[in-house]
Amino acid sequence: MRLFVSEGAPGSLPVLAAAGRARGRAELLISTVGPEDCVVPFLTRPKVPVLQLDSGNYLFSTSAICRYFFLLSGWEQDDLTNQWLEWEATELQPALSAALYYLVVQGKKGEDVLGSVRRALTHIDHSLRRQNCPFLAGETESLADIVLWGALYPLLQDPAYLPEELSALHSWFQTLSTQEPCQRAAETVLKQQGVLALRPYLQKQPQPSPPEGRAVTNEPEEEELATLSEEEIALAVTAWEKGLESLPPLQPQQNPVLPVAGERNVLITSALPYVNNVPHLGNIIGCVLSADVFARYSRLRQWNTLYLCGTDEYGTATETKAMEEGLTPQEICDKYHVIHADIYRWFNISFDVFGRTTTPQQTKITQDIFQRLLARGFVLQDTVEQLRCERCARFLADRFVEGVCPFCGFEEARGDQCDKCGKLINAVELKKPQCKVCRSCPVVKSSQHLFLDLPKLEKRLEEWLGRTLPGSDWTPNARFIIRSWLRDGLKPRCITRDLKWGTPVPLEGFEDKVFYVWFDATIGYLSITANYTDQWERWWKNPEQVDLYQFMAKDNVPFHGLVFPCSALGAEDNYTLVSHLIATEYLNYEDGKFSKSRGVGVFGDMAQDTGIPADIWRFYLLYIRPEGQDSAFSWTDMLLKNNSELLNNLGNFINRAGMFVSKFFGGYVPEMVLTPDDQRLLAHVTLELRRYHQLLEKVRIRDALRSILTISRHGNQYIQVNEPWKRIKGSEADRQRAGTVTGLAVNIAALLSVMLQPYMPTVSATIQAQLQLPPPACSILLTNFLCTLPAGHQIGTVSPLFQKLENDQIESLRQRFGGGQLEETLDLKAKTSPKPAVAETGTTAGPQQIQALMDEVTKQGNIVRELKAQKADKNQVAAEVAKLLDLKKQLAVAEGKPPEAPKSKKKK
């Protein structure tokens, strides 16, 4: 077979994605042709994509080609998929063609583009919600998903044209866009140019007619409400009327929390942060904050939940930090453990236990697992070529070595990994290696080490993955990373290091070594639990009754999804292994990376000094959570999201609902007489609530947050349409209508307060206090929307929940965290540093003085570069940089130029 595609041809997207699914099922040659090339001999006009079959026949319909590839991969046709394909051809394509033409050829923007396709997008979103399934035809991806994704991708890959209120569509689109065949198709067709890649193709097409028929509306909610079935509306009304009596009794609090037979027992861990660093926002969203949302949600569901974390304290990084600060490793651990705990406390992370790995329990459990692996033949001994520093008289662990990367030439590669190209490195492969302690050149010598025999455990691992992955909520990136390791074949992995700070190796001849942190850090979860309760084995040796959710950034996946499972399977002691491995991508800062040394980015101990409450940080980080791809923190976007989503949407609705009760009804919830429109609203809120549950059960944390904002938007619209502030002044019927609208609105606000609890716990508690929400309703969230504030319920004092963020406030913070912190440090050093021995000059100096100053600047610049190359003490570098800046100012004055203004100023 031969597939002909063209760059910039929209139809090439779905067929390439479908071809990727069928890879290996038949021999396929893919050829890229020009848009003017005639591939099919009997067609009068050029046509791509085209599939030439082995029989010589041609398929030149996009959906027909995709269908052929799906049939090759074993897919069975069904009526629902055929209905979607018919709808795509007759309804979606005309609207989409117009939208793309307006955008790409005519240069229109915003609603001029979105208006023609909004109804079609709403239809897809509503269908996904109604089915309560992740894909168009059910629980698994179908031909319809690929065809519609390929049609929509050129437009929707720009977030501006993917309406946030269409959360089901958003989730569906992101799921497909992160799949490897779809990503490859997008790269091939759009060539990183986005929708503009379609311009040459679209310019040759006739201008499409705007879609005829029903008028386009900006209010998709009305269509969704109108299409709800009578049965759905009746069930929603019945659940609403039962109210608080529907709530089950609250489960008594356990201490310690232990698994209970017959209940759902959820064990949640977030990756143990290295103790030696202050966590930045990316660390916080990747691990502890994401896990905290799920832990809080689990408790709202009355699941028996234990959430634990702690500082990872052993290893080279700690020894390095101790040397830098002139402290012992234990002192470093004690100091930074407190810093971590304080940061997470400020962010309102609800750990049941926050421990540490430098404990006797860590030694005991690690050594037990090792002894069991050793006894069963899963540990090897081998000689390793290592770098040894003769001046320091010791073998150098990876982080004590720095040199030139053998792969990309980066000059500051570490002994275990290159930060530039990301490749793993054996320290002896580094070019021009240097000891980071004394900067001398180490020599290669042999050292005896222990290895975990992963090849011997590979079959057990694959069998376990075969049982675990189907039906689990492992994120796609975690599945991909583990598959890539297995595809390349597992190799024995060294589990010991020539260090002093670590868990001792209990084997003769290895007394001077410790376990490598990659081996024993994940055992920290067990030891932290063992320090919490002596019944820790009820959690960690109980796979039949415990669901283990582990949260981390993607770089931690191999250790949680491969190294520890192999260790536990080899130990043969019935350990609980991860059921759901939740890995995020990376969070960047503005246009780059977080860097403590360069003063770039917000770190955990700095967020509380910004004057922005912790819940606002939580909201924004969760809103941009890097679920399917890397995302970036942006000060401008944070301002926009705070002022639009929180202040104008969520805060505005909840405040208005409460104020109407206080102002018009004396603080008591009025009687509610529901009309058919109100009943449809109940059903619609119920539908969105169930969507929220479905997403959080799948740990789709970011998408579930959008369900909260969608309900709030519906509430604002409901108030706006019904205008209770006008009706309260009218007839008796009008006043009764104002009461119904106010009562229903304040109950929606009560529901939102509970849905918000996992995301913004302080704001949630504030709303519940203002509304005087009954305690049982604060702690349980069912799948139905209940009347929790019945007529006659007295609320408390209502006040605004959020404050506006101002442009000058945000600009000040942007400068402060864009390197401004470091510049302030340098300014301070400059004030306290002695001036270089160069005479002050007047407005203009003679040529000899200018030349002398230029020589001094060059000399001082060399000093600074040399110190940086040697990784000298930061204070020493800062002092020399300050001298250099002062010399440059003097040179500018001598040349008659104004001194350069500092790049940023911190506002006090």
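Author: Let's start with strand β5 (residues 265–270) and strand β17 (residues 546–553), which pair in parallel over 6 bridges. (Strands are DSSP E runs of at least two residues, helices H or I runs of at least four, numbered from the N terminus; pairing takes at least two DSSP bridges.) This is a predicted model, where local features need pLDDT of at least 70 and side-chain atom pairs pLDDT 80 or more, while totals for chains, interfaces and linings use all residues. Numbering starts from 1 along each chain as its sequence is written, and side-chain values use heavy atoms, without hydrogens or water.

Zoom out, and β5 and β17 sit in an open sheet of 5 strands, ordered β7-β6-β5-β17-β18, with parallel pairing. The edges are β7 (353–356) and β18 (580–584), each pairing on one side only. On average, neighbouring strands here are turned by 20° against each other, direction ignored. Across β6 (304–311) and β7 lies helix α14 (residues 329–346), at about 165° to β7. (Axes are fitted to C-alpha atoms, for helices over the stretch in contact, with angles from 0 to 180 degrees between N-to-C directions; contact means heavy atoms within 4.5 Å.)

Now hop over to helix α28 (residues 732–755) and helix α29 (residues 761–771): their axes come within 8 Å and cross at roughly 145°. From α28, V746, A749, A750, S753 and V754 meet S764, I767, Q768 and L771 of α29. That contact has 6 nonpolar, 3 polar and no charged residues. (Charged is Asp, Glu, Lys and Arg; nonpolar is Ala, Val, Leu, Ile, Met, Phe, Trp, Tyr, Cys and Pro; the others, Gly among them, are polar.)

Helix α28 turns up again at the largest cavity, giving 4 residues, the largest share of the lining. (A cavity is a set of 1 Å grid points where a 1.4 Å probe fits but cannot get out, and lining residues have an atom within 4 Å of a point.) This cavity holds about 130 Å³ of space. Of its 14 lining residues, L751, A777, I780, L781 and T788 lie nearest the centre. The lining counts 11 nonpolar, 3 polar and no charged residues.

The second largest cavity is lined by L452, R493, C494, I495, Y516, W518, F519 and V563. Both β14 (493–494) and α18 (517–520) supply at least two of its lining residues. By class, that lining has 7 nonpolar, no polar and 1 charged.

Key:
On a 1 Å grid over the protein atoms alone, a cavity is a set of points where a 1.4 Å probe fits but cannot get out, and a pocket is an open set with protein on both sides within 12 Å along at least five of seven lines; lining residues have an atom within 4 Å of a point. Grid points are joined across faces, edges and corners, and a volume is the space filled by probe spheres set on the points.
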